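Look at the structure shown here.

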Amino acid sequence: MDHLHILWTNADVTASKLMVMMYAKNALKNGWWDKVTIIVWGATVKLLATNQEIQDEMNVLREYGVEFVGCITCATELGLVDEMTALGVDLYPWGPPLTKLIKENAPLLTV
């Protein structure tokens, strides 16, 4: 299975909408990848937890099958665990899984 992970760390709204969200949606819509997972990390935890427009984009992407997961440490540091959980974002320590992806040369897009 072709599985793309997108490491989303750039909290710029325009980059989020016109790169991360647009590519993830079109990647599944057009069959470029079998599966797309967006990893919400760092400042994007706050962006997603507080920005309704970005939340709406996330919900559209979920309809296409995009999975959203997030860094529990980032959410904890920012005091946003409850908000992220309410949005349905699975939170866990992402250091080891990210390291594994990198070491295995798995498809990883970092924005």
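This is a predicted model: local features need pLDDT of at least 70, side-chain atom pairs count only at pLDDT 80 or more; totals for chains, interfaces and linings use all residues.

Two strands pair if DSSP finds at least two bridges between them.

**Strand pairing**
- Strand 3 pairs with strand 2 (residues 35–40) in the parallel sense, over four bridges.
- In this pairing, Ile 38 stands opposite Phe 68 in strand 3.
- Strand 3 is also joined to strand 4 (residues 90–92) by three bridges, and these two strands run parallel.
- Here Gly 70 stands opposite Leu 91 in strand 4.

**Burial of strand 3**
- Strand 3 covers residues 67–71, and four of its five residues are buried, so the strand is largely enclosed by the rest of the structure.
- In a regular strand the side chains alternate between the two faces of the sheet.

**Cysteines**
- A disulfide is a pair of cysteine sulfur atoms within 2.5 Å.
- By this rule the model has zero disulfides.
- Cys 71 is in no disulfide, and the nearest cysteine sulfur, that of Cys 74, is 3.0 Å away.
- Cys 74 is likewise in no disulfide, with the sulfur of Cys 71 as its nearest cysteine sulfur, 3.0 Å away.
- Cys 71 counts as buried because its relative accessibility is 5%, where the cut-off for buried is under 20%.
- Cys 74 has a relative accessible area of 13%, so Cys 74 is buried.

Note on methods: Residues are numbered from 1 along each chain as its sequence is written. Side-chain values use heavy atoms; hydrogens and water are left out. Buried means under 20% relative accessible area, exposed over 50%, partly exposed in between (1.4 Å probe, protein chains only).
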